[in-house]
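Hello,

Here is the structure I promised to pass on. Please have a look, then read my notes below.

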Amino acid sequence: MDGIVTEVAVGVKRGSDELLSGGVLSSPNSNMSSMVVTANGNDSKKFKGEDKMDGAPSRVLHIRKLPGEVTETEVIALGLPFGKVTNILMLKGKNQAFLELATEEAAITMVNYYSAVTPHLRNQPIYIQYSNHKELKTDNTLNQRAQAVLQAVTAVQTASTPLSGTAVSESAVTPAQSPVLRIIIDNMYYPVTLDVLHQIFSKFGAVLKIITFTKNNQFQALLQYGDPVNAQQAKLALDGQNIYNACCTLRIDFSKLVNLNVKYNNDKSRDYTRPDLPSGDGQPALDPAIAAAFAKETSLLGLPVAAVPGALSPLAIPNAAAAAAAGRVGLPGVSAGGNTVLLVSNLNEEMVTPQSLFTLFGVYGDVQRVKILYNKKDSALIQMADGNQSQLAMNHLNGQKMYGKIIRVTLSKHQTVQLPREGLDDQGLTKDFGNSPLHRFKKPGSKNFQNIFPPSATLHLSNIPPSVAEEDLRTLFANTGGTVKAFKFFQDHKMALLQMATVEEAIQALIDLHNYNLGENHHLRVSFSKSTI
């Protein structure tokens, strides 16, 4: 048979046994040589060569560190946006694959793109580089499955603009559509944000990812649903509609992409399935309206699409308001996207205070007012600065333990928290925090937007004065009633990670010690961390 040529990355000075057990390279740019292995696994002649990202371009690409269960279709999808895929070879046992594109130009574009944006399959980073082979010679009898997948995908691609009345159009229109929509906005007199798109398109199903960009001086977006059916419904309902009265017209098409790779969560791109992504260097940081996107229930806020043809009333934003919203002038209800008041129940009424609720809920937004209910002291109303923050706090804190009790957090039917009438003593159960200096999210572009994480046993401490040692902090945190399991200073000693025994202990420590005065005019800042020590 004409042997299937495969190729395995060899780490410099690594033994071949270690090599065959899986990828040894930590980064796509590591130097390595390569060898050729025939299909029956016998080593054939080694040849020297650099198989790396910036090596000699080839239309054959070598893909490494694939998750075990990945399919041919998913690997082909990586190449589709860049041009026609002409061959594929999967090395299932080695978690590798080879992908051949029709032209070297397409391969170069693909490698350049993925060197800037790490591709992920099934939430795992994978690595792509040029292969030493100029073409992929595969034995089609052995590679039948891959060839069948390739033919099916190619048929879909060529049929994506079918002629009406042909047999092709039937199969192409129904099952083969992409879950990704390409959206162009005409007559864009007012800026349209990623959040506005999310609000409109969530009406038709869960939006997984959005990327926005400007091309040919036009604002465009790629938006991915979980299911092609949702994309089809959204296209049918929204194509040709206006977002605001008489302007910002949506032009919607199916994208040839089947999956979007999002590297950063900011106001240009968002992966709603991965709230842990960074906002990216030099990129605008998340603002509060955007942080909301992480809320799983955002699709519940999907508002009804206009009954009025040609105008989408979900936003019902008159033009002046649209302009203001675009300038981020806090218009009530425009960016809020939902109720700002939360109802928290099953609280420990012996222990809870408005201040403790302010501190804990303040991790996820700027708490404006807190009212512990006079007749039901195990429940409280908490008013956040906007609906996105209340959604975020609800998602992260519902079901967590506070003072030994599992708290329940839901959206309240109240629009605001009323302050007690002048002169009425309500025993300090209601507190207005509107002017608190402790709000974490007041400054637009604050780094705090990038550091919103679920409650965790590991806490991030900052603003530590030089005179305070590890032992001081360990003692301070142990005094909150928990056990300090681990501690690590950052290089500059102004920040540290500290791990408590449980999430409940960490929540308690954060409530007790956020803004604690460490002396020298340093107030300790405490947040949940995504890291472990």
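Of the contacts in the protein chain with a separation of 6 or more, 68% are between residues 24 or more positions apart. Bear in mind that this is a predicted model. The protein chain holds 13 helices and 26 strands. It has 533 residues, and 49% of them count as buried. Its accessible surface is about 25,000 Å². Carbon and sulfur atoms account for 51% of that surface.

Next, the aromatic rings. Such a pair is described by the distance of the centres and the angle of the planes. The count here is two aromatic pairs. One is F358 with F433, and it is stacked. The centres are 4.2 Å apart, with 15° between the planes. This pair links distant parts of the chain, 75 residues apart. F358 belongs to helix α10 (residues 354-361). F433 lies in the loop between β22 (430-432) and β23 (458-462). Buried means under 20% relative accessible area. F358 has 5% relative accessibility, so F358 counts as buried. F433 is also at 5% relative accessibility and therefore counts as buried.

F487 and F489 make an edge-to-face pair. Here the figures are 5.0 Å centre to centre and 85° between the planes. F487 and F489 are both buried.

Two lysines sit over rings, too. The charged end of K203 is placed over the ring of F204, 5.7 Å from the ring's centre. K377 lies over the face of Y374, and the distance to the ring centre is 4.7 Å.

Best regards

Definitions and conventions
Residues numbered from 1 in each chain as written. Predicted model: local features only at pLDDT ≥ 70, side-chain atom pairs only at ≥ 80, totals over all residues. Heavy atoms only, no water. Phe/Tyr/Trp six-rings, centres within 6.5 Å; stacked < 30°, edge-to-face > 60°. Helix = DSSP H or I, 4+ residues; strand = E, 2+ residues; numbered from the N terminus. Buried < 20%, exposed > 50% of the residue type's maximum accessible area, 1.4 Å probe, protein only. Lys NZ or Arg CZ within 6 Å of the ring centre and 35° of its normal. Contact = heavy atoms within 4.5 Å. Areas by Shrake-Rupley, 256 points an atom, 1.4 Å probe, with all protein chains shown as cover.
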